[in-house]
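Here is a short briefing on one structure. Look at the sequence and the model first, then read on.

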Amino acid sequence: MERSTTVLLDASAGEGDWRGRLSALLDDYAKRPRPKSSKERAVAARAWQSELVDAGVAAPGWPRSVGGLELGLEDQLDYYRMTSAAGVPKHPSGISFIVAPTLIVYGTEEQKKRFLEPLLRADEIWCQGFSEPGAGSDLASLSTKAVRDGDNYRVTGQKIWTTQADQADWMFALVRTGPAGRGTAGISYLLIPMDTPGIEVRPLKDASGGHHFAEVFFDDVLVPVDNLVGEEGKGWSVMRTSLGHERATAFLADEFRYRGLVDKVFTLAINQGYADDALVRQELAAVETGVRAIAANSARALNAVLRNEDPGGVASVNRLVKSEFEQQLHRLAMRLTGTGAALGNRSDGSVDGGRWSYGYFMTRASTIGAGTAEIQRNAIAEQVLGLPSHRGEGTRPAVVTPGRPLAQPEEDEAALRDVLSKALATSTSTEELLGWAKKPADYDIGLWDELVKFGLPGLAVPESLSGGGASLRLLCAAVEEAAYAVAPVPLVPTIIALEVLVQAGADESVRAICNGATAAFVVPVDDRGWVVDGPLPSLDGARITGTVERVPGAPVADHLVVLARDTASGELVLGVVKTVDVEVQPQESVDVTATIGVAAFDGAEAEIVARGEDTMRVLTAARRVAQLVLAADSVGVANRALALAVEWAGQREQFGHAIGSYQAISHRCAYMLVGAEGARGQVLSASELEPVDPDAATASDLAAAAALDAAVSAAEDCIQIHGGIGFTWEHPAHLLLRRATSNQVVLGRPEVFRDRAAGSVIARLS
C-alpha cells in the first residue's frame, strides 16, 4: 500500500461563504452526465469527495482545526438539505465517519495529519474490525489479541461481518492487549493496514446475493505501536466515542437520505395504483411518522453534541428506531411492487430496477449490525432507564429520571417544567385523583387558580391580550407537565376554546379566559374531527338553539364557544355564550379527572365572533393548535405510564429477582420509552413550525396520531407490567389509560389523522 504524505487540511477551510462555495459546486454538478455503471459511480463518488475537500466544504461538523466547517445545528441541517436535494454521491466509505471523530478526539497530531484528509477525499477506504465469531452483540467477549513486541504489536485472531473488508485500505479494530477473558479492561483501539502480511480476507455472500462483508483472519500480523489510538487498554471508552458520534451526528445526514427514500415509496404507491388504498395509506403514514421521529431525535442528539453533552440516551433510542424503520420502509415497498415481489432484483421486468427487493433483503441486517435490536433494547432498558441488568451485573443510574425529557431542554423550557412539576405534585396524589370520580361536574379550583397565576391557559397568547406571549412549544411543554400529573382541571378544553377565540379576534373573551375563566368549544365530533357539514345548533338572529352531546369541559365552563349554522344565510357562525344561558347536563366521563356533558341551547343569546368563510379560516387555524395541545397531553400520560412502569419493574421481585431484569419486561419498558419519547419529539418539533408553513398541518396530524397511540399503548403496558396490582382501582395506572382513551376521540381518530397526512404527501408528490 502506498503511504500518504498529505498534511492536515488548512484550518481556514471552514471560514467564509461556505453556502456560496457549496452552491456553486452543486450547480456545476447538476449539469454533469450521470455515471451509468457501478464502477463509474464509484470513481465519480471518490472524485466528488476530492472536489468538496478542495472547495473547503467536505466536513460540515468537524472542527476548523482539522479542516472542518464547524457549523452549528441549523447550518448543518442546511448543508445536508442542500446536498441531499442535489442528489450528489454519498461518501463511498460511510464507516470512515465512525473512525474520524475518534481520531479527532483521541488521535495524536501525527495520526490526524496522516489519516483525516485521505479519509475525507476517499483516497483510503476504511472497515471496522469489531465483531468476532464469539463476540457479536456481546463485543466485550472479543478474543483477537495484540501482543507488544518492541515497537510493534503482533495481532492474531479473527473478525467477521466486516463491511467492505475486501476493498478497505485500513481497519480500525478492537484488540485485546490485556489478559484473555471477558471484560472491557485490556481492550485497545488499533489502526491496521489491510495490506500487511498475515491478513486474509474471505468475502461472505449475504442474503441479498451480494458480497458486502467478509471474514478477516490475522496470523501474527505486525502493526506499529504508533497506530494505537488513545491509551493501551482503554480502547473500550475510545470505541464508545466512535459509536456515540455515529449514533448522533450520522443520523443528521440519514434524516435527509430517509426523507428521499420515503418520498420514493410514496411515489411507488402512486405509480402502482395504491394511492387510494386505505390500508396502504395507513402504512405510508407510518413510514412518514418514522422519518419525522428520526429527524426530531437526530436534531436533539446533535444539539447535545454541540453543547458538549452526552447524546447517548437519545442516540440509543434513535439507533433502534432507525434500524426498525429501514425494515418497515422496505417491507412496505416490497408490498407495493405487487406481483413484482416475486422477481429477483436483477430480473427483467423487476419494479424500479429491483431496488426494493434488494433493499428488503439488505435491511434484514439493519436490526443485526452494530448490535442487534434485542441488544439495543437491553441497552436502553439498563443504561438509559436504569433497570437491573439481565446478566446480574447490578443497576446503573438512569440517564435521566424515567418519564422526563431524554434530551436536556433549553433553559426556559427546563425552568418551566421544573416549576410546574413541583406545583402540580402537591395537589395530585392518587387518593385525591381518585376522589374526582365522585364529582362528574367539578374540578380542582384551587389548582386551577395556581395554574392561572403561572400563566396558563394563556401562556402562548400575546401579552397585549393578557397572555404570556410564549411560544407554542412552551405551551405544549406546560400541558405535558399537567397531564403527567393527571391534573383534574379543564386545561385542554379551555386552551382549545381559547385558540378559537384568538383566531376569531374575540379579544374581550380572550382576556377573560387568560385571567382565569374556564371555557369549552361546543362542536359535534366524529372520527374525522370537528363536524362542520352535519347537524349543528341553529342561529336565528342573535340566538342559538340546539343540542350538542359529549362536549369536553362543558360542565365546568364559564364560557362556551359554539359552532352553529345561520338559518337565514346557511353560513357557519361562531358565537360565545355564557353558561348561565345554557343547560349543561353532566355525563359520566371515562376520564375521571375530566368532565364532559350535553350542552342544550334554547334561544341562548350569543355574541357572534365569526361567520362564513372567516369561520372556516378560524377552525382551520385553531385545529392545528388544538391537535398539538391534545397531543402534548397524551405525551404527558405516556411518560407518566413509563415512569410508573420502570419504578415498579425495579422494585417488584419474582423468583428472587427484580422483574425489570427479565428481558420480557425490560424490552417492553424500552419500547414504551421509544414510543413516548418519539411522540414528544414530534409534538415539540411540529409546534415550532410557523402556521403558514406548508408542512404545519401534516406535521400536527402525524404528531397527534403518534402521541395519542403512544399514550394508550404505554398505559396498557403499565397495567400489564404491574400485574394484578395495576388492575386495581386504587392504583393510578387506570387513570392514565382512561385519559389516554378519552383523548383518542376528542378531536378525531388517529387513523384519520394518518390518512389525512398520507393524502397530503401524496398530493405533494403527485
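**A strand and its ring contacts**

In strand β4, Ala173 is the bridge partner of Gly129. This is a predicted model, in which local features need pLDDT of at least 70, side-chain atom pairs count only at pLDDT 80 or more, and totals for chains, interfaces and linings use all residues. Residues are numbered from 1 along each chain as its sequence is written, and side-chain values use heavy atoms, with hydrogens and water left out.

- Helices (H or I, at least four residues) and strands (E, at least two) are DSSP runs, numbered from the N terminus.
- Two strands pair if DSSP finds at least two bridges between them.
- Strand β1 (residues 126–129) pairs with β4 in the parallel sense, over four bridges.
- Strand β5 (residues 187–193) runs antiparallel to β4, and seven bridges join them.
- Ile187 in β5 is the bridge partner of Arg176.

**Burial of β4**

- Buried means under 20% relative accessible area, exposed over 50%, and partly exposed in between (1.4 Å probe, protein chains only).
- Seven of the seven residues of β4 (residues 170–176) are buried, so the strand is largely enclosed by the rest of the structure.
- In a regular strand, side chains alternate between the two faces of the sheet.
- Trp170, Phe172, Leu174 and Arg176 point one way from β4. Met171, Ala173 and Val175 point the other way, and all are buried.

**Aromatic pairs**

- Rings of Phe, Tyr and Trp (its six-membered ring) pair if their centres lie within 6.5 Å. Planes under 30 degrees apart count as stacked, over 60 as edge-to-face, and the rest as tilted.
- By this rule there are 16 aromatic pairs.
- One of them is Phe115 with Trp170, edge-to-face, at 4.9 Å centre to centre and 85 degrees between the planes.
- Phe115 lies in helix α5 (residues 109–121) and Trp170 in β4, so this pair ties together parts that are 55 residues apart in sequence.
- Phe115 is buried at 3% relative accessible area, and Trp170 is buried at 3% too.
- Phe521 and Trp530 have ring centres 5.0 Å apart and planes at 90 degrees, so they are edge-to-face.
- Phe521 is buried at 6% relative accessibility, and Trp530 is buried at 15%.
- Ring pairs also link Phe115, Trp126, Phe130, Trp170, Phe172 and Tyr189 into a cluster.

**Charges over rings**

- A charge sits over a ring if NZ of Lys or CZ of Arg is within 6 Å of the ring centre and within 35 degrees of the ring normal.
- Arg202 lies over the face of Phe217, 4.2 Å from the ring centre.
- Lys439 has its charged end over the ring of Trp436, 4.5 Å from the centre.
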